[in-house]
Structures are given as structure tokens and as C-alpha cells.
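Please look over the chain shown here, together with the briefing that follows.

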Amino acid sequence: MRELPAALSISAMASLSDQLEEVRVNAEGSLSSPGSAQEMRAGVTAMANIPLPPSSKYRYIAADSMLTENSSGNNRNESLSLLQKLSTALNILEKYGSNLTNPNRPKYWRTVKYNNPVFRTTVDSIQGGRAVLNLYGYTNQQHDGLSFPDEVVQPDVEKVASVTLEIMCLRMELDMLIKGTHSHPEFFERLIPSLTVQDDEGISTDAVAISPSERPWEKQTPSSMSPSQPKSLFSPALALSSLVPSTQIENCTICGIFPVSAHCPTCTQRLCTECDRLYHSHSGRSTHIRIPVTSSKATKRHSSSLSSWQCKYCTTVNALQQVLCETCDRPRLSSSAPSLQEEPSQPSTISEWQCKSCTVVNAGSSILCEVCDRPRLATRPPVAPSRPTPSATGLMDSQWICQFCTYVNPTPSTVCEMCCLSKSESALSPSKPLPLSPVKDVTPLSVAPKVMPTEDPDLKRQRLMKEEGLKLIQLIREGEKKGVSPEEVYTSMYVSGNSNVMPYDWLKAELPHVLDEICVMAASCQQEPNAQSNSSGGNDGQDGEKSNAVPLSRAEAKRAWLAAGGVNEKAVRQGLRDRRVKVKELGSLGFNDVTRCEEALRQSGGDVRGALVLLQRPLLEPFHQRMWSDEPEPPIDINHPDKQHVCRRLLAVFELPSWGRCELVLSLLRDPTATYTLEDVVQAVRESPDRDFIRRVLNKECPICLSVFPHSKMQSLTSCQCSVCCGCFKQHFTIAVRDKHIRDMVCPVCSEPDINDPEHLNSYFSTLDIQLRDCLEPDVYDLFHKKLTEQALIKDPKFLWCSHCSYGFIYDGDQLKVTCMQCRKSFCAQCKKPWEPQHVGLSCEQFQLWKRENDPEYQRQGLAGYLRDNGITCPNCRFQYALARGGCMHFSCSQCRYQFCSGCNNPFHTKCAVNQCTVTGLHAHHPRDCLFYLRDWEPARLQALLQKKAVNYNTETATGAQTGVCGVIEQKDEGPRPTDSPCGAQTQPGQAGLCEKHYREYLVSLINGHSIDPALLYALDELIVACRRYHVDVIQGEGEDERGYFARLKKLMDDVPLGDKVLRKK
């Protein structure tokens, strides 16, 4: 074995290792992150050119084992052919790695299927291919392929990039080794000894043996060469230099003038002495290791034989009958090779490929060649054996060789008579004159007659081949019209041997008898092994199996007869062999009963798919019975041992989008800590394949009961983002419908939306109605609809509330007397008082005056009855309350939940719509004549205001009325709900038998009824406060006295209107 070159000392090895690590880091960075393909290729090229053996260069992949196990050839040509197969497999592995490092990975990147034809013919056909996939992360072994483990969400991009880089580097080194351009082939010759063994047929007799000392890339010291080491007498590079007459010297890649003296593997430059000194004087390139290059000695020139041609690309001398170059696979008429400086950079991905059979360039996405229909990975077809060249020399100018089929054609013809392809402008003339093929009569040129040679045997062979081919084509075309295949036509011609009988006539008359004979012969061959096994006393089970052998069908016999070329004995062996292969294939699919498999093959005519259908039909019988039965579908058993069975059930029952989603559902349900149901997991997986998102969806916390539920068991309103469990949602709205008002039916978490907003009220209740339809009990849902209807009817001006039973309805009549349809009691439609016969013919005011003068009960109540009759009326739904206004002015209607001021009927709200309002929280804007402000006035001052306008008021207690205690009915918060009860406060003399609070309310009602402005009694400070409240300018003018200032403010206050919603007398 050879030692390392002398240039690679210990220090040089360390320097090269550091250089290798630097190149590796840069290349891995460009591969694992988006970058230029040119940079990545430059990094791979630099790594491949570093002069280190594979064991020192490759860290992850076992390069030595892959090279040794995949190159077991007997000579150099066989080993190079196996290395070419390894290079193809490495190319596919490189694509797998590039897909994993790409941010936009393919859809099915997690699995690699064994039945993929490209994977089966490339990666799976070499030793160590699956080991590389394991390095990528495909460590989960399945029956149909490899996949990433379920817990792995993303591949390890950095490790994949490192492995992919080594795969690309090893493939580039193999390509250079196969093409003979590798700078250190001795690294591979030590691992593959057959590379030094030459094939005697592949070496020209003119080759000159060159010692290793003449190789510029294997310069060695005498001490590094062992005497027992074999010396290689041939290499691709030496073969080219020994066979091709060339005196060209390689020049510097920068100046192009002086010869190369050094090669830098890091920057891939071949430089002369001066350019090397200048280029590597830069600080960033001063650490590069250069390999000295010496000019090769002049080799002995050899003239190529006249029966060969020289490739213009790689200068290899090939035989005349070869269409493609033996070394570079380029066609004979291709252009010369580009120079080193003009060599185009190869794309990182293959966008097109060249067919090795017909040299046509196809698109990268096509699998078959567009011209010859050969597969993309098919090797070059074998070259036809060379035929003897004639010795005639007079016809060289009148012949040309077809570049596609190498047929010799006459010069006047521009189309090849054999392959019917047009002649190229650069078509070659034979180096020696070849006889013309008189297949077609060509009009001779008007030249002097030449002596035609006698018919050559090769010429005769070509003529007979063409005649027989044309005859066969004619018969095939006629057979196709009658439904006969070309194989049947050809085989029948061979078997019949009688040219007078047409093939299709023979097939119709004789073929059935031949097929029956083949079936009988096959049956006898099947019985002979059975008789021998019975006589020897073999296994009973196997004997019984073989004794039931099923004979061949006619379709199987016909297929075997065609494959055997019409030989009956061979057809019998072929048919039985095909039967055994198909039975074995069916056995691999789970059908181990040989007799049943053979019977299914006989019935299907030898078609495996048809036999598989027949064998699966009994297995599908339980499925059909279950499909057509009325029994319910059995539940899916998540713990079933057959994982694929469960996934198929999930895919069929729940219609999940992919097999991967089914496996995700199964893994989530089989989690020991999981508390989910199958339906919840399926719904979550159907929304997203992200495992973290699914876990968040399946673990939602209810803010009311603080329990964890899946998202499907949570409900939310359209007005907010809050979500509660279905139980809390149902309980909340059931209580709201039964015990609360319609306006309390809001979100239980955030109390949204604002029901007082009429714009969103209708849309909110329309959506809520859909949600409550399937949530509430039927009786509760009906009550909700009843309340919703009443809420809508309140807005109708003809809607009335019954003063006896609080029942609401629409009244279209024009009479004052209204009879309630619920309690059948009557009341006044205008004043809402219970109907009395004295009300007939009187207006409400006249009837009220009559009662005050004539009704003893009314007179006994005194002003308490007056306050009751002039109680609170809701401005929103017009529902009347026989209550006093005293106390808190904030009143909430029990019918519509409308919040308003009982003194001025202005609404209370938290979000104020008044401009320049700075008040936050619940508040209302009151006018200056509202009870909210006047309740702080003393009764004497209120009486003075009434006296200014000559309005009469009571001061004495009514006759028969209760004295000492105020009897005005008011709403009190006593207990869980407000109640109506008498005031009970002590009365004061001169206040008409009322307490001071309710007497003030009585006086303010008179002030409001007569629209008296309280500003008449304002002092200056009160006037200034009121002006500021209503945004009136209160700045006193310069030189303006207090009287003038007061008069001006008084005039400005008169412009501010009184309350527009305060009750006035008509």
C-alpha cells in the first residue's frame, strides 16, 4: 500500500485538518441557511480538493465502508461502474438532505417509503444508504419505510447540513475519480485494490507504461515507496496522455501565460509561480496550503487508428461504431471542452438531464426520455460489435455515416434509410470506404461511371434485415386491426414456420390447442413432485397442499408461451415459475394458503391484482354485512394492538384530511395523562396539526367554575371574547330568564354588551336566540321568547301595561276604558287608574278633581294620595309606579331595567355622550328645576317661589287623614329585593300631614307642573354655580359692578331651558 505523499507531513496534516474544519464550517453555514448555490458549490469543491484520505476527511458517514462494500469489482472498469452507481445513490441522498435543510420542506418530509422506485433502485441498492438516512433523523423503522419519531417536530438542521455536506463532497470526489481528474487517486486505490487492476480488453496495445514518479499529483520520496508495493501501469489521466497526440501545457488560471507550478485546494486555483506569490500574499489567503505541480514529461505520440474517433471534449479515442464517448458520455459530434476559466458553474439543482441512449436533453421533471422512452437512470446501451471494413477506397466521397444508428448511406440521400432521421451538417464520412446499401434505388449523379464492388456480406445482411423488418411491420399492422398483439404475430411466425399461413389465422386455429397442451404438460409436471414426495413419506401437511395443485389457465399459458418464444417445454417451465413467483408475492401480502392463491390466479388469468381482489372478497364479507345491517357501528377501540387498523377506522369514520392526522389523534389519546374524549381530539386535530395548539385547545379553563374543558365544550357570546363551559352558560341564562329581566341576559364574566344601546340590541338578541335554542330547556326557552316579545312591544306607542296585574298588550281602541285580557279588570288608558263609573264623560284631570272633592277615602289620604297618583313613570316603557320620589333619585325600572332620574326622567349612564363632560362613573345630567337640586331648599323658600307665581299649595292635614306619621308609599331596600311600604317618618305642623322630605317633593311637583324657574330666587353665588354647571361664561367684565354682573348672568341663565322630560301640566 502507498503511504501519504511526502508533502503531507505531520504539520501539514494538522494544517490541512484546520483548513478542512474552516471550509466545513463555511459550507455548512451556506447549506443550513438561505444562501447562494454558487457559494455552497465552491465550499464543496474546496472540501473535496483538500488532500486528506476519506477516514480523516469524513466525520459522520462511514466513507471507507461505503467505498469498500460498494466496489467489489474484478478490474478497474467494473469498480468504476459500481462507483458510478454509488455516486447516483449519493445524489439521491443529497436531495433528501437538501429537502430537510430547506425552510420550505416538502409536504411528506417525515417519511421515506420503500416502494418509491427511485429510492429502491438507488439508495436501497447500495450498502450504507439507510445508515445515512438514520443520520438524517429517519430512525423510526416501519414495515413500509423509515420515518422521524413522533416526538420529533423539526429535523436537526445543523446535523443534517453536516451529513449532506459530506455526501456532496464524497459524490464530487467519486465523480472526479471516475473521470480521472482526482488529484489523489491513491487514497481510493488503497481502499479499492481493483482500481489498479486493468481490463486487458480496455487497454490499447500502444499504451506506454509511465512510472509513478512522472505523475504530477503523486510526487513521492524514494523512502515513502515500499519495494513490495504494486505500481499502477495505467490510470485514466495517463491513458489519455499516452493515446492522444497532444503537446498542450496547462497554463495559470489568472494570467493564462505561464505554466502551472502550484495547486491550492482551498481556493481551487492552479497558479504559476508569480501569480501564486501575489495571490496568496493577502492576509486572508496566506494560510492556504499549496501542492506543488510539475509539468508532465512528454509522452510518446501515437497516431489513432483509422477505425476510431477522438472526443473533442475529453480527447478520449473511441471505436468508430461508438456513438457516445466512453469516458464523458458525450455524442460524437459535440463541441470541444470549454477552458478552465470559461467552465460554467453547475446549478445546485438539476433542471435538465441528457439521455445516455440518444443524447437528447430532457426537462428535469421528466422520468422517461421524450425520444427513446428510456428511463432517466438507464445506462448507455451496449455498442454493436464492429463489422469488418471493406478495402475499397473509391467511394469515400459518396458516403456518410448516420450519427444516430451508424448506418452507411449514399451521399445524395439526406435521410438515413435505417432510422429515417435527417442527416446532420457535420455528419462524418467513414475513415475507410464502406459499401453502399442498395435498399433504395437512388438516382446516381451525373458523374463518370465507377466500378461497383461485389455485394458485401454485411451489405446483404442489412438488406435482408430490412426486408424482413418491413414484412414483419406489415404483418403487425394487419394483426393490430384484427386485435392481435405484435408479440403474438412474431411468435406465431416463429412457431408456424409456414409463410403461406397468416399469423392471425394460425393463432385462431392452432393456438388454443397449443395452450391446452401446455396446461396438460404443466399439470403433469405439478403431479410428478407430488408422487415423489408421497413415496418418500414427506410432511403430511405439505403433501396435502401439493396434491391440490391448481392447473394453469389459458391466459397464464399464453403469457408463458409468448415469453418462451413459442417453445412449449420452455413455456411450461416459465408458466410454473411465474405461478410460484406470484404465489410468493400474494403470500407476502398475507395470503399463505397456496391452493387458494393458485385458484385465484387461475380465475384471474394470472393477474395478481385480479387474484388479490378474489382473495380479499371473503375478507370483506364481514364488512359488507356490517355496512348493510341495522346494528349500530361498534365504537373505536383506541387501545387496539393494530395501530393501522385504528388509523383506518379514524380515517373512515371522521374523514380526517390525512393519515398523519390519524396518527396524531391516536398518540394524543394514548397519552396516559390525557382526559380527552375521541370527538374532542378529532375536532381539535381537524383544525390544526400543531401539537401545542391542540393541547391549548383541549385545556380551556372556565372562569366561573374554574374547571378545565376542551374548546368544543366551551361557549361564548358574539359580543365579547369570554368563554365559559356549557354547564355554566346554561345555568346563567336559565336563572336570567326565570328570575331576572331580559336586560340581565349578558355575559356572566364581563357583563357585555350594553343592553341600553338600541343599535346593538336587535343583532345581539338575534344571535343569542340561536345559541339558547339548543341550550335551554323548552319551557325556559319559551319564557325567553315571551320576554323578548314584550321587550319589542314596549316600543309600540299603543302598548299598555295593566294597572292591576302588570300584563302588557297592544290596545288599538280610542276609548278610555280598557279591559285587561289577562285579569279581565278595567283601567283608564290615559291616566292608568283603575276604572270607576264616575270617570265616564270626564277627562282624567276632571275625574281626579272629583275624587279629591267627593271621595272620602281619597280625602283621608290627603297629599299622600296625590303623590301616589303622581308617582314615577318609566320614560322608556311608560310603566307607572305608585311610589314617591324622595330618597335616592336613581331609579331602575323593574320591567325594562331602564335607569333614570325619578325627578327629571334623564337617563343614568356610565359612558356619557354629553360633550365637555368630565364626570366618570354612574351619573345623570339634571336640569335646574329637578328635584335633585330643589330637594335641598327649605319648604319656606319653595313656598315663596310658588307665591311669586301665585300658585296655591296645601299646608293643613286633610280631614280623616292619619296624623303624626307620613303615609306616602315608597320603595325600600329591605331584604334581597326592594319592597313598597309607607314612609313612616314623623310629620311637621304646617306641612299637610307629610314628613319634610315628602312635603318638599309635593312643592317641587307644583313648581314643575307650573314650569316655574327656580332661578328667580337664586343668589349670586348660586347663579355662578348654575352657570358653570351649564357651561355659561361667568367671567366678570372689567369695571362691571355686582348688580350689572348679576343681571347679565340672570339673563344668560334665562336662555338655558328647563328640563324637557320633567312632567308639566297640560
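## Sheets and strand pairing

In this predicted model, 3 bridges join strand β4 (residues 262-264) to β5, and the two strands run antiparallel; two strands count as paired if DSSP finds at least two bridges between them. Helices (H or I, at least four residues) and strands (E, at least two) are DSSP runs, numbered from the N terminus. Residues are numbered from 1 along each chain as its sequence is written, side-chain values use heavy atoms, and hydrogens and water are left out. Because the model is predicted, local features need pLDDT of at least 70 and side-chain atom pairs count only at pLDDT 80 or more, while totals for chains, interfaces and linings use all residues.

- H263 has R270 as its bridge partner in β5.
- The order β5-β4-β6 describes an open sheet of 3 strands with antiparallel pairing, in which β5 (269-271) and β6 (291-292) are the edge strands, each pairing on one side only.
- A further open sheet of 3 strands has the order β1-β3-β2, again with antiparallel pairing.
- In that sheet β1 (111-113) and β2 (140-141) stand at the edges with a single partner strand each, so one side of each is left without a neighbour in the sheet.
- Over 3 bridges, β1 pairs in the antiparallel sense with strand β3 (residues 145-147), and K113 stands opposite G145 in β3.

## Chain as a whole

- The secondary structure of the protein chain comes to 36 helices and 26 strands.
- Of its 1066 residues, 38% count as buried, where buried means under 20% relative accessible area, exposed means over 50%, and partly exposed lies in between (1.4 Å probe, protein chains only).
- Among contacts in the protein chain with a separation of 6 or more, 53% come from residues 24 or more positions apart, a contact being heavy atoms within 4.5 Å.

## Helix packing

- Two packed helices are described by the angle between their axes and the distance between the axes.
- Helix α33 (residues 939-948) and helix α34 (residues 996-1009) pack at an angle of about 15 degrees with their axes 10 Å apart; the axes are lines fitted to C-alpha atoms, for helices over the stretch in contact, and angles run from 0 to 180 degrees between N-to-C directions.
- That angle makes α33 roughly parallel to α34, since angles under 35 degrees count as roughly parallel, over 145 as roughly antiparallel, 65 to 115 as roughly perpendicular and the rest as oblique.
- The crossing of α33 and α34 is left-handed, a term used if the near helix is turned anticlockwise from the far one by less than a right angle, with right-handed used if clockwise.
- On the α33 side the contact is made by P939, L942, Q943, L945 and L946, and on the α34 side by E996, Y999, R1000, L1003, V1004, L1006 and I1007.
- The residues of this contact of α33 with α34 divide into 9 nonpolar, 1 polar and 2 charged (Ala, Val, Leu, Ile, Met, Phe, Trp, Tyr, Cys and Pro count as nonpolar, Asp, Glu, Lys and Arg as charged, and the others, Gly among them, as polar).
- The axes of helix α18 (residues 568-588) and helix α19 (residues 594-603) come within 10 Å and cross at roughly 115 degrees, and the crossing is right-handed.
- R579, K582, V583 and L586 of α18 meet V594, C597, E598, L601 and R602 of α19, and the residues of this contact divide into 5 nonpolar, no polar and 4 charged.
- In helix α24 (residues 678-687) the buried residues are L678, D680, V681, V682, A684 and V685, and these pack against α22 (643-654), α23 (659-669) and α25 (691-698).

## Loop residues and backbone geometry

- A cis peptide bond with omega of about 5 degrees joins E752 and P753, and P753 is found in the loop between α26 (726-739) and α27 (758-773).
- N905, in the loop between β24 (899-901) and α32 (931-934), has a positive phi of about 65 degrees although it is not a glycine, and at 11% relative accessibility N905 counts as buried.
- A950, in the loop between α33 and β25 (969-972), is likewise not a glycine and has a positive phi near 60 degrees, but A950 is exposed, with a relative accessible area of 67%.
- H839 lies in the loop between β20 (826-828) and α29 (844-854) and is buried, with a relative accessible area of 1%.
- Leaving aside neighbours within four places in sequence, H839 is in contact with L816, C828, C831, C844 and F847.
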